[in-house]
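This report describes selected strands, helices and loop residues of the structure shown below.

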Amino acid sequence: MSMRTSLFIALGVSALAGSAALAQTVVRDIERPDMPGRVVFEQQCAPCHGTGLGDDGSPTLPGTAALDAKYGGDRPGALELRSDLPAPVLRVIVRRGSGAMSGFRKGELTDEQIDQIAEYIAATAAANSGG
Amino acid sequence: MTTPPGMTDADFADGLGAMRSAVGADWVFDQPADLNTYRDFYSVLWGEPEEKRASAAVAPANVEEVQQVVRIANERQIPIYPISTGRNLGYGGSAPVLSGSVVLDLKRMNRILEVNESNCSCLVEPGVSYFDMYRHLQETGSKLWIDCPDPGWGSLVGNALDSGGGYTAAGYRGHWEAVCGIESVMADGEVLRTGMGALPGSETWQQYRMGLGPCLDGLFRQSSLGVVTKMGFYMFPQPEAYLTGSIDVFRYEDLEELVDLLNELEYGNLFNGMPGIGSPVLSQDNPIAMTMIPPADEMNRMVQETGLAAWRASFTFYGPEKVIRAQWEHVKERHAHFQGVKFNEGDFITLPLSAEDMERIAKPRFGVPSLEIFFVGSRGFGNFNPSDGHIWFSAVIPRSGKGIIEANRVMRRECERLGLDLFMFAPAVTCWTRSFVLFAAVPVYKDPAKNQHLRESVREIIDICAQHGWGEYRCPPAFMDDVMDAYSFGDHKLRRVNEQIKDALDPNGILSAGRYGVWPKHLRDGRGA
């Protein structure tokens, strides 16, 4: 069922109502190295943890928004900018789940694919570190 | 090692060994770290002894492997519980209903077998997600749309089997209504095809749903009678354009006629998109949670003081521009007599979507999958306290103004009395044609005390709704027995007939024990306890 998007219409209210309270820094364009983990990330992670705007133009990628709020600026909410998620750490989070994100089964994501995501995130963070 | 109820460790180990031979050792899971991923992450029983947990999981790659696993289970009376993508969060996720069951994980069966452009249909395996299908359609330049629910990681097959809903045109957004043709492995390991799929050589499996004789598709909806391995769907040919409009009326008393008119226009095919009924004046504080509908005088006073509409009917049109603009004009004309009526034309979008449109639209309205819904559970509005998940309470209520008012007031009053938090409340959701389904999202925490209170409260709400004639269309596993109990006409004849069918088709009771309140004979007295 829908919340911010379709049910706004079902409820008969403006789809943008309340967005102002949710404002956050939106990271739109970053450099993305072409490596195996990129496709896995785009398909499995980016719908929640990507960069850019959410469905209705407001910054509502849920995983990115939740991590932004959690870290309060100490770390980036967007995973592709995180340099502290090596494969062993990522495996634990992906398998166990965190917050509202349930763990992922091996039938959905193999260990090898998680490792590829970790390599991709590390490369992306390095490429966009600005240093 | 956890074993299914009533089995010895040795017999279970023998069964798992046979399953390893069938699907490969890498795809049989019985270690705690792996089984942890088969928990219902939004379970209202999380961490309690009663939490529904798998004893093992098996992930076959094709229908032949499914047949082998089912036969192995049937020979040894091992309970198995098929899942598709296992992302049915809020309704059970990848966990079984009967603790100790072996989860039959069909995620690896992710082939899109056919997309037929001229027939506007597809045939898919259960592991195909909405994201998978959307990607395929984009890559092939298809002119067809899928209809997706909010979370795009779900399975077309699993969501339809659970009667999930989406947001595009009538005939597609009720996902069970769009099914045409099912293949299922039955408890004896044989394969059944429904409809025209039963006729060898037929090219009409995804055209004529009924086939011959009793239409058996219904055996597999919310059921425990087979392992669905293929499913066909009707698909929506991409329309030329999309238009929304809404109509504001300003008196409490207008609701009944507003709904009657909405019904007449929709059932007369004057619009084909998803309609809505809301209340701007009662959604001032939280746009996704209508407050309690006050008495007429009070509501009319609120309307006068705020200038906000009492009720808003919203309409969606898909089709050629000149057709849908004419339809919108007709809809406006039909509402012109309401006192003080205001017409609000919303988005007009030509299709296919441009990159700019993609950033501003509600994706599910265009068959584009996303995961944005999880924004609400993880963050939400105002001072929202993030939860660990949520469950849905979703009761079918009468499609009338009176139905909305009564259901709103009863739910709001009883939830407040019980101290049951709601972070979304919509009394008239129209994903399913000719229905209003009241939706309430209830936050779930990984806290046994909070969850115990939640369970007791939801059970009371189920009873209260049943007393008003409102039954849930779908529910989390913890409440399946309670909800089925509410469908009690004829001394629970519905459940008893379901049990007779269960006994006939699955005499050893191996498939999905307890799903939607139907238990195999040997577990019936204790209801799996």
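## Strand S14 of chain B

Strand S14 (residues 311-319) of chain B is mostly covered, with nine of its nine residues buried. Buried means under 20% relative accessible area, exposed means over 50%, and partly exposed lies in between (1.4 Å probe, protein chains only). Helices (H or I, at least four residues) and strands (E, at least two) are DSSP runs numbered from the N terminus. This is a predicted model, in which local features need pLDDT of at least 70 and side-chain atom pairs count only at pLDDT 80 or more, while totals for chains, interfaces and linings use all residues. Residues are numbered from 1 along each chain as its sequence is written, chains are lettered from A and ligands numbered from 1 in the order in which they are written, and side-chain values use heavy atoms, with hydrogens and water left out.

Both faces of S14(B) are covered. On one side Trp311(B), Ala313(B), Phe315(B), Phe317(B) and Gly319(B) are buried, and on the other Arg312(B), Ser314(B), Thr316(B) and Tyr318(B) are buried.

## The sheet around S14(B)

In chain B, four strands form an open sheet in the order S13-S14-S12-S15, with antiparallel pairing. Two strands pair if DSSP finds at least two bridges between them. The edge strands are S13 and strand S15 (342-350) of chain B, each of which pairs on one side only. On average, neighbouring strands of this sheet are turned by 15 degrees against each other, direction ignored. Axes are lines fitted to C-alpha atoms, for helices over the stretch in contact, and angles run from 0 to 180 degrees between N-to-C directions.

Strand S12 (residues 241-249) of chain B and S14(B) pair in the antiparallel sense over nine bridges. Gly319(B) in S14(B) is the bridge partner of Ala241(B), and Tyr242(B) stands opposite Tyr318(B). Strand S13 (residues 276-278) of chain B is joined to S14(B) by three bridges, and the two run antiparallel; here Gly276(B) stands opposite Ser314(B). S12(B) and S15(B) also run antiparallel, joined by seven bridges. Across this pair, Asp248(B) stands opposite Lys342(B) and the bridge partner of Ser246(B) is Asn344(B).

## Burial of strand S12(B)

S12(B) is mostly covered, since nine of its nine residues are buried. Ala241(B), Leu243(B), Gly245(B), Ile247(B) and Val249(B) point one way from the strand, and Tyr242(B), Thr244(B), Ser246(B) and Asp248(B) point the other way; all are buried.

## Helix H6 and its neighbours

Helix H6(B) has 13 residues and reaches 18 Å from its first C-alpha to its last, close to the 18 Å expected at 1.5 Å a residue. The expected span is 1.5 Å times one less than the number of residues in the helix. The buried residues of H6(B) are Leu255(B), Leu258(B), Val259(B), Leu261(B), Leu262(B), Asn263(B), Leu265(B) and Glu266(B). What covers them includes S12, S13, S14, helix H8 (321-335), H11 and strand S18 (436-444) of chain B. H6(B) is followed by Asn269(B), whose phi is positive, near 60 degrees.

The axes of helix H6 (residues 255-267) and helix H11 (residues 401-418) of chain B come within 7 Å and cross at roughly 120 degrees. The two helices are therefore oblique to each other: angles under 35 degrees count as roughly parallel, over 145 as roughly antiparallel, 65 to 115 as roughly perpendicular and the rest as oblique. Leu255(B), Glu256(B) and Val259(B) in H6(B) meet Gly401(B), Lys402(B), Ile404(B) and Ile405(B) in H11(B), where contact means heavy atoms within 4.5 Å. The residues of this contact divide into four nonpolar, one polar and two charged. Ala, Val, Leu, Ile, Met, Phe, Trp, Tyr, Cys and Pro count as nonpolar, Asp, Glu, Lys and Arg as charged, and the others, Gly among them, as polar.

## Two buried loop residues

Ile30(A) is found in the loop between helix H1 (6-10) and helix H2 (36-44) of chain A. Ile30(A) is buried, with a relative accessible area of 14%. Not counting residues up to four places away in sequence, Ile30(A) touches Thr51(A), Glu80(A), Leu81(A), Thr124(A) and Asn128(A).

Ser84(B) is found in the loop between strand S3 (80-83) and strand S4 (102-105) of chain B, and counts as buried at 12% relative accessibility. With the sequence neighbours up to four places away left out, the residues that Ser84(B) touches include Arg105(A), Asp105(B) and Pro126(B).
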